[in-house]
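Biologist: I would like to learn how to read a model like this one. Please take me through it feature by feature.

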Amino acid sequence: MFDNSVKAYTQACEVIPGGVDSPVRAFKSVGGTPPFIERGEGAYMYDVDGNKYLDFVQSWGPLIFGHCDKDIEEAVIKTVKNGLSFGAPTELETLLAEEIVEMYDYIDKVRFVSSGTEAVMSAIRLARGVTGKNDILKFEGCYHGHSDSLLVQAGSGLATFGTPSSPGVPADLTKHTLLCEYNNIENLKKCFEDSDDISCIIIEPIAGNMGLVPASPEFLKACRELCDANGALLIFDEVMTGFRASLTGASGLLETKADIITFGKVIGAGMPVGAFASSKKIMDHLSPDGTVYQAGTLSGNPVAMSAGLTSLRKLKANPSIYNELNEKALRLVNGLKEVANSNNIPLQINTRGSMFGFFFCENEPTNIKEVGKCDFERFAKFHHEMLKKGFYFACSQYEAGFISTVITNEDIDACIAAASEVMKEF
Ligand code: PMP
């Protein structure tokens, strides 16, 4: 059933390292060959063998309206006809920035980039530039893209491949990266006792790169208080959660406010986009008004802007979408939990907005060490069997899953019925 994908993968491996342009796609965590995708339509993806999958990955989050949404497609085509890129300002950038600013009371300005990696890298430079301090504090299992100083005990692909850090990153470049256990307030306090040079805390307030593991409200409050007491800035990395977890991202579900927010793929509706945003006071440190340098030839690309703008406007026009998505996510994970319970299989489930996660283990993990103790073999088996039945889940227990508006309750019930057959065989 995967013959053409196997052929495509073999061919790709000849000219692309590991056959993929982003490591997690290679299915190394679950084994087997990744299906090569030919096209998407609504809630479904079709591979080069003609297999049809209900897509719970949604390009790792951005496709809230599913594949080939008509409004987004039309906006993109209209923009493309005027030219792909100019390297000069366009009004579309202002319009998308306005949509984002309107949603957060503590954000005045947005700078667009082309990926989440760039967004975080730039936000950290800004934090260092504003505070005049050098260290950054990150948490084990949080992934913030692949820039040098953040490739330390990150989640996602690094966790999948068990790499604490990457060769090619000189120790000199990570010596300013302090590491702390997620959801561990004592550990956090200790970091601030050990260094008086912390420029910022960067955190996924709802981590999606060690599976779905939310930070506790007390932990986020401690992050805020320690930043305030020590002249550091708090950065919420909302590359995955921004406009996904709620209309105001993870921030909208939390009491704690950040100083800087990073956005990514979701605000581009599937086009390569990233952004970082903050108060006027902080953002005015950026070049050309200020001295902190940051740039990008294709930043604010008009095609990407028009896709994002259409998607965000659709979301704002109908905010009840988030309740519907959350209900569907709950329907899915509760269904899976029931099936697991009836087969005596320990399963932990979680949702935040339209994001969901499930772990084959006895207790809900609160950090990456606990995620690492889950049953990965069982996860791999579940993943494969579900794939064969036409359900495409993220290919690692270290990743989150996503619901789109076009996934129906019937789709979800079919998935639960399939999971029931699979788990009986465990
Ligand atoms: N931050 C977070 C929270 C992410 O989830 C990701 C990507 N999954 C990134 C940063 C990096 O984004 P990109 O892959 O677009 O560089």
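Modeller: Start with the ligand shell. By class, it holds five nonpolar, 10 polar and three charged residues. Ala, Val, Leu, Ile, Met, Phe, Trp, Tyr, Cys and Pro count as nonpolar, Asp, Glu, Lys and Arg as charged, and the others, Gly among them, as polar. Two points on the basis: this is a predicted model, in which local features need pLDDT of at least 70, side-chain atom pairs count only at pLDDT 80 or more, and totals for chains, interfaces and linings use all residues. Residues are numbered from 1 along each chain as its sequence is written.

Biologist: How many residues surround the ligand, and which are the closest?

Modeller: A residue is near a molecule if its C-beta atom, placed from the backbone, lies within 6 Å of it. Here 18 residues surround the ligand, and the closest are Ser115, Gly116, Thr117, Gly145 and Val239.

Biologist: Which helix gives the most to that shell?

Modeller: Helices are DSSP runs of H or I with at least four residues, strands are runs of E with at least two, and both are numbered from the N terminus. Helix α4 (residues 116-131) gives the most, with three residues.

Biologist: What does UniProt place at Lys265?

Modeller: Read such records with care: positions are given in the numbering used here, feature names are shortened, and annotations may be inferred rather than shown by experiment. The unreviewed UniProt entry places "modified residue: N6-(pyridoxal phosphate)lysine" at Lys265. Lys265 is found in the loop between β11 (260-263) and β12 (274-278).

Biologist: Is Lys265 buried or exposed?

Modeller: A residue is buried if 20 or more other C-beta atoms lie within 10 Å of its own, exposed if 12 or fewer, and partly exposed in between; C-beta atoms are placed from the backbone. Lys265 has 24 C-beta neighbours inside 10 Å, so it counts as buried. Next, contacts: two residues are in contact if their C-beta atoms, placed from the backbone, lie within 7 Å. Leaving aside neighbours within four places in sequence, Lys265 is in contact with Trp60, Gly61, Pro62, Gly116, Val239 and Val273.

Biologist: Why does Cys142 count as buried?

Modeller: Cys142 counts as buried because it has 26 C-beta neighbours inside 10 Å. Cys142 is found in the loop between β5 (135-139) and α5 (156-160). Its C-alpha atom is separated by 6.3 Å from that of Ala207, 65 residues apart along the chain.

Biologist: Now a sheet. What is the order of the strands in the open sheet of four?

Modeller: Two strands pair if DSSP finds at least two bridges between them. The order is β1-β2-β3-β15, with mixed pairing. β1 (37-41) and β15 (391-392) stand at the edges with a single partner strand each, so one side of each is left without a neighbour in the sheet.

Biologist: How do the pairs with β3 run, parallel or antiparallel?

Modeller: β2 (residues 44-47) and β3 run antiparallel, joined by three bridges. One of the partner pairs is Met45 with Tyr53. β2 and β3 form a hairpin with four residues between them, and Gly50 in the turn has a positive phi of about 85°. β3 (residues 52-55) and β15 run parallel, joined by two bridges. Leu54 partners Phe391, and Asp55 partners Tyr392.

Biologist: Where do the domains lie?

Modeller: Domain bounds come from an automatic or database domain assignment. Domain 1 covers 3-56 + 320-424, and domain 2 covers 70-317. Their centres, taken over C-alpha atoms, are 25 Å apart. Across the boundary, 24 residues of domain 1 are in contact with 25 residues of domain 2. β14 gives the most to the domain 1 side, with four residues.
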